[in-house]
Amino acid sequence: MPNSKATPKQTLVEQNGARRTGAVKLSTTDLNSLMKALDIDVIALTEILVPPGHRVEFGTIDVPGIHYNLSGVGRISINGEPAIPLSPHLLIIVPPNTPLTIEVDGESGPQRLISRDCWTRRDGILRVAVPDGQPEIVQVCGFFNASFGQSVRLFGELREPVIEQFEPADRIDLKLREAMDELLQQEVGVGAMTASLLKQIVVSLVRRSVKSSQRWTERFSILADRQITRAFADMVARPGAAHSVQSLAHCAGLSRSAFMTRFSDIFGQTPMAILRDLRMRQAAIDLKTTSMPIDIVALNAGYESRSSFARAFRRAYNQDPSDYRRTAKESKADIRT
């Protein structure tokens with residue numbers, strides 16, 4: 001669906017990206033690197049049960065949402081656009097800040113709005129249902145962030161919904177139900193488990209897109225320009241390597257000036273700024289999950305000087321690397337007790 005709020009810069013990026021997509025094929029290796037490094041942060045899960053003759057309305061939230069229709073038929077209208085039929089195992093990714101309405105026809109009379117009085121929350125799960133109502137539509141929705149480091153969000157600039165019809169054999173419903181069970185049980189590692197389950201769904205979507213004639217991955221500015229994506233994937237896969245603007249431009253098959261312009265148009269930052277962010281992400285992972293000396297953590301993140309690494313890390317996380325590691329260990333100990 002068109003978005004009247006798209007800025008001229010965004011439009012230019014989309015048009016230029018559309019012209020370039022045939023230039024270099026986005027390889028399976030590049031996609032593998034990107035999917036491996038993708039971080040998922042689950043904000044909330046929602047269970048929606050809509051009886052016949054009812055509708056539910058959702059306002060805007062600044063994160064994308066995955067809506068999976070477990071059972072029943074009805075309609076969903078996204079951002080006021082014409083309604084899309086809902087059927088079992090239909091999955092829709094709704095862009096950030098996008099209102100939507102789910103509705104089911106009744107035998108007669110106007111549809112009744114499921115009021116906020118019928119919205120209940122428990123352990124991170126929001127349940128929208130009419131008391132004692134027999135639902136026609138049953139949906140599980142996940143609201144999440146998907147990012148590379150702190151500054152690059154995969155779905156951040158998505159302006160059209162992603163719609164895919166899955167089958168029971170794809171087991172998307174089981175993954176979402178398992179994520180809901182994790183939140184309800186609140187056991188050790190609940191955040192990691194729910195994030196892992198939602199990431200599996202995102203990867204399933206990417207696999208489906210690769211095999212489809214209509215590749216929805218190309219709707220994202222960071223994936224639409226395949227030459228820039230190739231260089232970005234190399235940065236994601238090897239953040240500690242001795243990258244330079246010239247080496248990344250060579251990876252993309254572009255001149256230095258063309259690479260800088262196209263990269264900055266897409267990401268809104270320079271390649272070196274994005275690389276610093278990815279290096280800090282790698283360092284944070286090493287500090288939390290390993291006992292390697294901080295000098296080695298710095299080298300893995302592409303820094304030969306411990307002092308320059310520490311300065312960069314403090315700017316990113318407002319903590320010294322040693323303090324960050326100690327805080328992470330204390331948090332793990334608190335969870336165990």
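Modeller: Rings of Phe, Tyr and Trp (its six-membered ring) pair if their centres lie within 6.5 Å, and planes under 30 degrees apart count as stacked, over 60 as edge-to-face and the rest as tilted. With that rule, the structure holds eleven aromatic pairs. One of them joins Tyr317 and Tyr324, a tilted pair with 5.2 Å centre to centre and 55 degrees between the planes.

Biologist: What should I know about where the model comes from?

Modeller: This is a predicted model, in which local features need pLDDT of at least 70, side-chain atom pairs count only at pLDDT 80 or more, and totals for chains, interfaces and linings use all residues. Residues are numbered from 1 along each chain as its sequence is written, and side-chain values use heavy atoms, with hydrogens and water left out.

Biologist: Back to the two tyrosines: is Tyr324 buried or exposed?

Modeller: Buried means under 20% relative accessible area, exposed over 50%, and partly exposed in between, with a 1.4 Å probe and protein chains only. Tyr324, at 13% relative accessibility, therefore counts as buried, whereas Tyr317, at 21%, counts as partly exposed.

Biologist: Which phenylalanines do ring pairs link into a cluster?

Modeller: The cluster consists of Phe148, Phe232, Phe259, Phe263 and Phe267. Phe232 is also among the buried residues of α6.

Biologist: How many of the twelve residues of α6 are buried?

Modeller: Ten of them are, so α6 is largely enclosed by the rest of the structure. Helices here are DSSP runs of H or I with at least four residues, strands are runs of E with at least two, and both are numbered from the N terminus. Helix α6 covers residues 226-237 and reaches 16 Å from its first C-alpha to its last, close to the 16 Å expected at 1.5 Å a residue, where the expected span is 1.5 Å times one less than the number of residues.

Biologist: And what about α4, how far apart are its end C-alpha atoms?

Modeller: They are 32 Å apart, which agrees with the 32 Å that the 22 residues of α4 (190-211) should span. Its buried residues include Val190, Leu197, Leu198 and Ile201.

Biologist: Changing topic, which strands form the open sheet?

Modeller: The order is β5-β4-β7-β2-β8, with mixed pairing, and two strands pair if DSSP finds at least two bridges between them. β5 (84-86) and β8 (112-113) stand at the edges with a single partner strand each, so one side of each is left without a neighbour in the sheet. Strand β2 (residues 54-58) runs parallel to β8 and is joined to it by two bridges, and Arg55 has Leu113 as its bridge partner in β8.

Biologist: Last one, which ring has the charged end of Arg116 over it?

Modeller: That is the ring of Trp119, with the charged end 4.0 Å from its centre. A charge sits over a ring if NZ of Lys or CZ of Arg is within 6 Å of the ring centre and within 35 degrees of the ring normal. Arg208 likewise has its charged end over the ring of Phe166, 4.3 Å from the centre.
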